[in-house]
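These are my notebook entries on a structure that I looked up for the first time. I set down each item in the order in which I consulted it.

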Amino acid sequence: MKSIYHILAITAILSSCTKQLHKDPIGLLTPDQINTDPKLGTVTSSVTSSYQMLSSTLNLLGEWQWDGGTVTRNDFVLQDIASGDMQKKWNPDGDQAWMDQYSNYSFTAANGGFNGQWSYDYEGISRANLAISYLTDPAVTTKIGIDETLRKRLLGEVYFLRAFYYFELVNNFGDVPLLLKPLKNFSEAYSVAKREKKAVVLEQISKDLAEAKPLLPGTKFADNTEKWRASKGAVMAMQAKVALYGKKWADVIAIITELEGLGFYSLNTNYFDAFSVAKEFTDNEVIFAYDHQQGKNPRNGNGLCALQGWGFIAPTANFVSAFEANDPRLLYTADVANQACYKLLGTTDNSNKGNDDAPNNKIFIRWADVLLWKAEAYNESANYPAAIGIINSIRARARTSPSVTGALPPAGTLPNRNIATTDKALVTSWLVSERRVELGFESHRFYDLKRWETAKAVLTAMGKNFQDKNYLYPIPQGEIDKSGGSITQNTGF
């Protein structure tokens, strides 16, 4: 089986085993290739291919299939627009109306955004499974003569990636099909066309991360020649995030303390350094990012810059009002006067705006985010001074960062929170506020609102039609239809 579309299209399989259901995306490898020509390059390429579904490159899955939600990754739609931080365009219009449905919660299970998220994640999982099967098969590894140190590192990378994709799936959809190996026949495909309990998938995520950690080298970068690869630090950060979502506060603190002990990461002096194209892989803060590159064949640029050139990705008034006076993070995130989102462009001069092959990276995990996880765990554990201390460190970095114009914020900007406070609710409000402005447009806000179980209160107060059912997104209707109903729908859709 070549892709998740083949894997889950059970109805079509039963009716016509020869019908082509989906054109294979660029870079997809199949078991046939390793069986007929098992070379080292084939195996290493299968690992590299497993990263590709993290990119924002245009048209990785099909050509301009806007209605299918696959033109680019839909993080900004399903997370930022849905959270009330972002609106589709600076000048609202009828273009791609399916995106607007996330602003007002009028979507159905047929909305293409869900298909896009599902497709990207399961395609990534399918590729990771194939790479894992190669790297754990002694016959294959012996035949290609792979160095054992390299084999372990590559295996650690794809265990991490599979965990990462599944973590997105369970937090968006709840119970999802669990695929752990390449599928070789229609019988195997039919057997996995059903939803596994979220708890079981989370157990597998934890298992994959536990497997990955000792396989990766104890260095900041897993490979100093390709610094974009998943590292031990990325694995540990994901372990902390899984613990955070599971409300295992002691584990969050312990894992992040261990991660701090490695000495690899710290807050950059300048807030924008984490996003600057010029500082990629030299800053102190980014833990895991997808490495977009310009001028490659096939293309590997950041397509979100093209969308911004077409007027997409703008802040809501509610988001802009969340920033305190003179907070330099606002203009880096959303410069209303110049209609620019610099942190998503990688530059502050708009040079990448409209560039469909822009080189700026997509950041998934950075140190400020991780520190705020630890602050949350401290707050939930009644260690208020430790929680407030972290919040204040984030604020201190912001107020000492130059603005887009190069000037430092005026004295009195972003004053420290009162370290003596023991009011948990007040500290929580500070934490919630800090996460929103520090991490704006980085596709974390909606996940936060859901895990805090405040999404309904916050979003209805903003005038949005959020219902209890919206704590999970619907399973893409096409997947249910193709499975003949063996994949079931979430309640309310």
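With which side chain does the side chain of Asn465 make a polar contact? I found that the partner is the side chain of Gln467, at 2.7 Å. A polar contact is a pair of N or O atoms within 3.5 Å; within protein, one must be able to donate a hydrogen and the other to accept it, and residues adjacent in sequence count only if both atoms are side-chain atoms.

**Basis of the entries**

I note that this is a predicted model, in which local features need pLDDT of at least 70 and side-chain atom pairs count only at pLDDT 80 or more, while totals for chains, interfaces and linings use all residues. Residues are numbered from 1 along each chain as its sequence is written, and side-chain values use heavy atoms, with hydrogens and water left out.

I located Asn465 in the loop between helix 22 (455-461) and helix 23 (477-482). Helices (H or I, at least four residues) and strands (E, at least two) are DSSP runs, numbered from the N terminus. Asn465 has a relative accessible area of 43% and is therefore partly exposed; buried means under 20%, exposed over 50%, and partly exposed in between (1.4 Å probe, protein chains only). Setting aside residues up to four places away in sequence, I recorded that Asn465 touches Asn104, Tyr105 and Asn470, where contact means heavy atoms within 4.5 Å. I also looked up Asn418, which is 47 residues from Asn465 in sequence and 36 Å from Asn465 in space, C-alpha to C-alpha.

I then turned to Tyr105, in the loop between helix 6 (97-104) and helix 7 (112-135). Its relative accessible area is 6%, so Tyr105 is buried. Tyr105 is not a glycine, yet has a positive phi of about 55 degrees.

**Backbone entries**

Most residues other than glycine have a negative phi, and most peptide bonds are trans. I found another positive phi, of about 50 degrees, at Leu414, which is not a glycine. Leu414 lies in the loop between helix 19 (384-399) and helix 20 (424-438) and is buried at 1% relative accessible area. I also noted a cis peptide bond between Asn297 and Pro298, with omega of about 5 degrees. Pro298 belongs to the loop between strand 2 (286-290) and helix 14 (304-309).

**Arg417**

Is Arg417 buried or exposed? I recorded a relative accessible area of 18%, so Arg417 is buried. Arg417 is found in the loop between helix 19 and helix 20. Beyond four places in sequence, its contacts include Glu324, Arg395 and Trp430.

**Helix 12 and helix 13**

I examined the packing of helix 12 (residues 232-245) on helix 13 (residues 249-261): the angle is about 165 degrees and the axes are 8 Å apart. Axes are lines fitted to C-alpha atoms, for helices over the stretch in contact, and angles run from 0 to 180 degrees between N-to-C directions. Among the residues that meet are Met236, Ala240 and Leu244 in helix 12, and Trp249, Ile255 and Leu259 in helix 13. The residues of this contact divide into 10 nonpolar, two polar and two charged; Ala, Val, Leu, Ile, Met, Phe, Trp, Tyr, Cys and Pro count as nonpolar, Asp, Glu, Lys and Arg as charged, and the others, Gly among them, as polar.
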